[in-house]
Amino acid sequence: MKIAFLDPADASTDALVVAVGAENALSPAAEAADKATGGAVSRAIAASRFTGKPRQFLDLLAPNGLSIGRLVLAGLGKPAEANAKAWQDWAGAAYSHLASSGAASVTLQVETMGGPLPESDAAANAAFGVGLACYRFDRYRTTEKPDQKPSVTEATIMVAGAKAAEEAHTPLAEIAAGVTLARNLVCEPANVLYPETLAEHCATLSAQGVDVEIMDEARLEAIGMRTLLAVGMGSARDSRVVVMRWMGGPDDQAPVALVGKGVTFDTGGISIKPAGGMEDMKWDMGGSAAVIGAMRAISGRKAKANVIGIVGLVENMPSDRAQRPGDVVTSLSGQTVEVINTDAEGRLVLCDLLTYVQQTYKPKAIVDLATLTGAIIVGLGHHNGGLFANDDALADGLTSAGKSVGEHLWRMPLGEEYDKALKSHIADMKNVGGRDGGSITAAQFLKRFVEDGTPWAHLDIAGMAWSSEAKPTVPKGGTGYGVRLLDQLVADQFEG
Ligand code: BES
Ligand code: MN
Ligand code: ZN
């Protein structure tokens, strides 16, 4: 998709999109179109249920008096409330509305009608919205006919001050690239994307100035990441841990650490999952995708922050070499774990990463992301990620970052009473605490690997990494959830 900015001019375009505010408040461009068409815009509105609400559209085909194929009235809602997210959604929804319309070129005219954003920022966010909305994972569709593909190939954002808008869009395009990278990784099937190949994707970030270190099994063995290695034991694929360092901040400033679960396929291991829906477990690396995408975004826009991304890449398979229920494994922290259920593998990967990143980098805060439990989907559905934290300031920072980018989080409790469920008869802890409060006991397990005084948050994103319902800027499939959230957290809390 080609996205360009243009100062207002007579648009030569297949489809012109103009904004209409709530209760049919016409933008100047909509007003002008009404004049040029002899009142066709007003008549069309009067003939329909269109009122200018967000995600409402009204199309006028081949309107008399205008030299365009289609005029689209796109509801914006109340202009006074049109923040960055609203403009992203406005443009993203307009793109989706037109994607298969037959139009090849679309022009979106951005006018804020007295809203809170400078027009150039609104336009930059509109372009960002289109960039996020036009995502499509079609590399394995070889027989698709042209009329099954989107018709739109070119989007132009028309705005007074196109140059300023283009400049404001530059960092946003880097964030979009991070989201796209994460979505691609989540969508790739597990025969293509496994620990080694996922590590190779991480390595491409060195082109952005990210320092990438790939640790193989011999190295992980030498370090002592045994709980992580135990998960990968049953797989023919070797495990990997990748550390990505972006040091854009002051030399003496401790980094923030982003930790991701990268189970490239989760069969459950010997505690094997039922067949139905098991194909979903290709996206059990969604936490790592969020971290990798965030590192792409942060480095792309040259954030003035020190950020360590670390991902644990393993495949959880049953075989004669797989770990067994009842095995006792010594983690890097020295704590021993009785593996009651080999399907509770994510926490075994994360716990060694948490220890390693604290020992090696003394981070000033840690955020881990994982598609960790089915129980979080039972609790929160697909509208909020689960947030667990030992630090209120970090939790609040994450919640407000999530709100502003539309990646919502809901805080869940931690507490000693939940921790008791992890008591083992043979080792320091079990890896599962039973069915009740399953997401919380999983978080308690992780908390045992966080040193006192280190602000830490755990995001259980099992319900968020994949979507079966399209949103204005998030098509169905891999969502890239977490990239924008982490980028915003870094921008709000760890930069400057
Ligand atoms: N990867 C799964 C969690 C998951 C389930 C993610 C559904 C996305 C959709 C995780 O490794 C897992 O299997 N968790 C178990 C834990 C249980 C054995 C304590 C679960 O949730 O059932
Ligand atoms: Mn599992
Ligand atoms: Zn898993």
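Analyst: Domain bounds come from an automatic or database domain assignment, and on that basis the chain of this predicted model splits into domain 1 (2-161) and domain 2 (175-494). Residues count from 1 along each chain as written, with chains lettered from A and ligands numbered from 1 in written order. Local features need pLDDT of at least 70, side-chain atom pairs 80 or more, while totals for chains, interfaces and linings use all residues; side-chain values use heavy atoms, without hydrogens or water.

User: Where does the second largest pocket lie, and why?

Analyst: Between domain 1 and domain 2, because both give residues to its lining. Lining residues have an atom within 4 Å of a pocket point. Its volume is about 590 Å³, and of 24 lining residues, Tyr135, Arg136, Phe137, Pro475 and Lys476 are closest to its centre.

User: What makes the crossing of α5 and α15 right-handed?

Analyst: The near helix is turned clockwise from the far one, by less than a right angle, so the crossing of α5 and α15 is called right-handed. Their axes come within 9 Å.

User: Which residues meet there?

Analyst: Ile175, Gly178, Val179 and Ala182 of α5 meet Val483, Arg484 and Asp487 of α15.

Methods. Axes fitted to C-alpha atoms, helices over the stretch in contact; angles between N-to-C directions. Helix = DSSP H or I, 4+ residues; strand = E, 2+ residues; numbered from the N terminus. Contact = heavy atoms within 4.5 Å. 1 Å grid on protein atoms, 1.4 Å probe; cavity = no way out; pocket = protein on both sides within 12 Å on 5 of 7 lines; lining within 4 Å. Points joined across faces, edges and corners; volume = space filled by probe spheres on them.
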